[in-house]
Amino acid sequence: ILILFATLTPDCVKAADYNVTADGVWKIGTVSSGHTDAYSVTLKENGWITLTARSYTTSGRVELYNDDMSKCYYGTWLNGSNSVPAVGTGSYALRAGTYIVKMGSGNSKMKYKLKLEFRSSGVVINESEPNNTFAKAMKINTDTDINGFISEDDWADFYKITLTKTTNLRTILQSESGNINI
């Protein structure tokens, strides 16, 4: 049995071809067999980006990367047709910065649609990065409100409180995702 895995090549490391905004408007394109269209999107603040891609041919692919393309957040094959497009979608918590979305085709010319939508975290961040490990825990005082943001690039935030006497410590944690642990 021979199993082959492919990514968008040969131009999968090129800079973005186009700039795009996360405004919820469909971008329509066509890409030749074995090639990609690369879109650069800049987020001015932390929040969630929702990516929706439609492929109107078989062997289409969509991928979401960080700005230097060293980390892929999302990638999936889209095997659709003119009458029944394949849809790939995902929502990702990302920090302010620039990201690359690639639309590519494996073995045929691909017609596609791409839509990016953004929802701000709405939080003014007052945590100090990096605080993503126990060794790099951010020192805080009691009676302190901390606003942070957990993104696809960090799985946890750590904080250090020094108590000078035995005391009750009350912690209130709020999360938009509901997927939290103390």
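I take buried to mean under 20% relative accessible area. The model I am reading is predicted.

**Entry: Tyr-65**

I looked up Tyr-65 and found it in strand 5, residues 60-66. With a relative accessible area of 10%, Tyr-65 falls under the 20% limit and therefore counts as buried. I listed its contacts, leaving aside neighbours within four places in sequence: Lys-71, Cys-72, Tyr-73, Tyr-99, Ile-100 and Lys-102. The side chain of Tyr-65 also makes a polar contact of 2.6 Å with the side chain of Glu-63. I checked the distance to Ser-40 as well: the C-alpha atoms are 9.6 Å apart, and 25 residues separate Tyr-65 from Ser-40 in sequence.

**Entry: Asn-46**

I then went to the loop between strand 3 (36-43) and strand 4 (47-55), where Asn-46 sits. Is Asn-46 buried or exposed? Its relative accessible area is 13%, so I noted Asn-46 as buried. A polar atom of the Asn-46 side chain lies 2.9 Å from the backbone nitrogen of Ala-96. Beyond four places in sequence, the residues in contact with Asn-46 include Leu-94, Arg-95, Phe-118 and Phe-149.

**Entry: aromatic pairs**

I searched the whole structure for aromatic pairs and got six. Tyr-74 and Tyr-92 have ring centres 5.6 Å apart and planes at 45°, so I recorded this pair as tilted. Tyr-74 belongs to strand 6 (residues 72-78) and Tyr-92 to strand 7 (residues 86-94); the pair links distant parts of the chain, 18 residues apart. Tyr-74 is buried at 12% relative accessibility, and Tyr-92 is buried at 11%.

I recorded Trp-155 and Phe-158 as an edge-to-face pair, with 6.0 Å between centres and 85° between planes. Trp-155 is exposed, at 70% relative accessible area, whereas Phe-158 is partly exposed at 22%. I also noted one aromatic cluster formed by Tyr-18, Tyr-39 and Tyr-112.

**Entry: salt bridges**

How many salt bridges are there? I counted six. Asp-23 pairs with Lys-27, the closest N and O atoms being 2.8 Å apart. Asp-23 is partly exposed at 44% relative accessible area, while Lys-27 is buried at 17%.

Lys-71, already listed as a contact of Tyr-65, forms a salt bridge with Asp-153 at 3.3 Å between the closest N and O atoms. Lys-71 is in the loop between strand 5 and strand 6 and Asp-153 in the loop between strand 10 and strand 11, so the bridge ties together parts 82 residues apart in sequence. Lys-71 is partly exposed at 30%, and Asp-153 is partly exposed at 42%.

Arg-95, listed above as a contact of Asn-46, has a salt bridge to Asp-154, with the closest N and O atoms 2.9 Å apart. Arg-95 lies in the loop between strand 7 and strand 8 (97-105), and Asp-154 in the loop between strand 10 and strand 11, so this pair joins parts 59 residues apart in sequence. Arg-95 is buried at 19% relative accessible area, and Asp-154 is buried at 6%. I followed the shared partners and found that Arg-95, Glu-127, Glu-129 and Asp-154 make up one network of salt bridges.

**Entry: backbone geometry**

I keep in mind that most residues other than glycine have a negative phi, and most peptide bonds are trans. Which peptide bond did I note as cis? I noted the one from Glu-129 to Pro-130, with omega near -5°. Pro-130 is in the loop between strand 9 (110-120) and strand 10 (138-139). Glu-129 is also a member of the salt-bridge network above.

Met-69 is not a glycine, yet I read a positive phi of about 60° there. Met-69 lies in the loop between strand 5 and strand 6 and is buried at 17% relative accessible area. Asp-143 also has a positive phi, near 55°. Asp-143 sits in the loop between strand 10 and strand 11 and is exposed at 83%.

**Entry: surface patch**

I looked for nonpolar residues at the surface. Ile-161, Leu-163 and Leu-169 form a nonpolar patch there, with about 240 Å² of accessible area together. I placed Leu-169 in the segment after strand 11 (159-160). At 49% relative accessibility, Leu-169 is partly exposed.

Note on methods
Residues are numbered from 1 along each chain as its sequence is written. This is a predicted model: local features need pLDDT of at least 70, side-chain atom pairs count only at pLDDT 80 or more; totals for chains, interfaces and linings use all residues. Side-chain values use heavy atoms; hydrogens and water are left out. Patches are made of residues with over 30% relative accessible area and no salt bridge: like charges are joined within 9 Å, nonpolar side chains (Val, Leu, Ile, Met, Phe, Trp, Tyr) within 5 Å. Accessible areas come from the Shrake-Rupley method with a 1.4 Å probe; for residues, only the protein chains shown count as cover. A salt bridge is a side-chain nitrogen of Lys or Arg within 4 Å of a carboxyl oxygen of Asp or Glu. Helices (H or I, at least four residues) and strands (E, at least two) are DSSP runs, numbered from the N terminus. Buried means under 20% relative accessible area, exposed over 50%, partly exposed in between (1.4 Å probe, protein chains only). A polar contact is a pair of N or O atoms within 3.5 Å; within protein, one must be able to donate a hydrogen and the other to accept it, and residues adjacent in sequence count only if both atoms are side-chain atoms. Contact means heavy atoms within 4.5 Å. Rings of Phe, Tyr and Trp (its six-membered ring) pair if their centres lie within 6.5 Å; planes under 30 degrees apart count as stacked, over 60 as edge-to-face and the rest as tilted.
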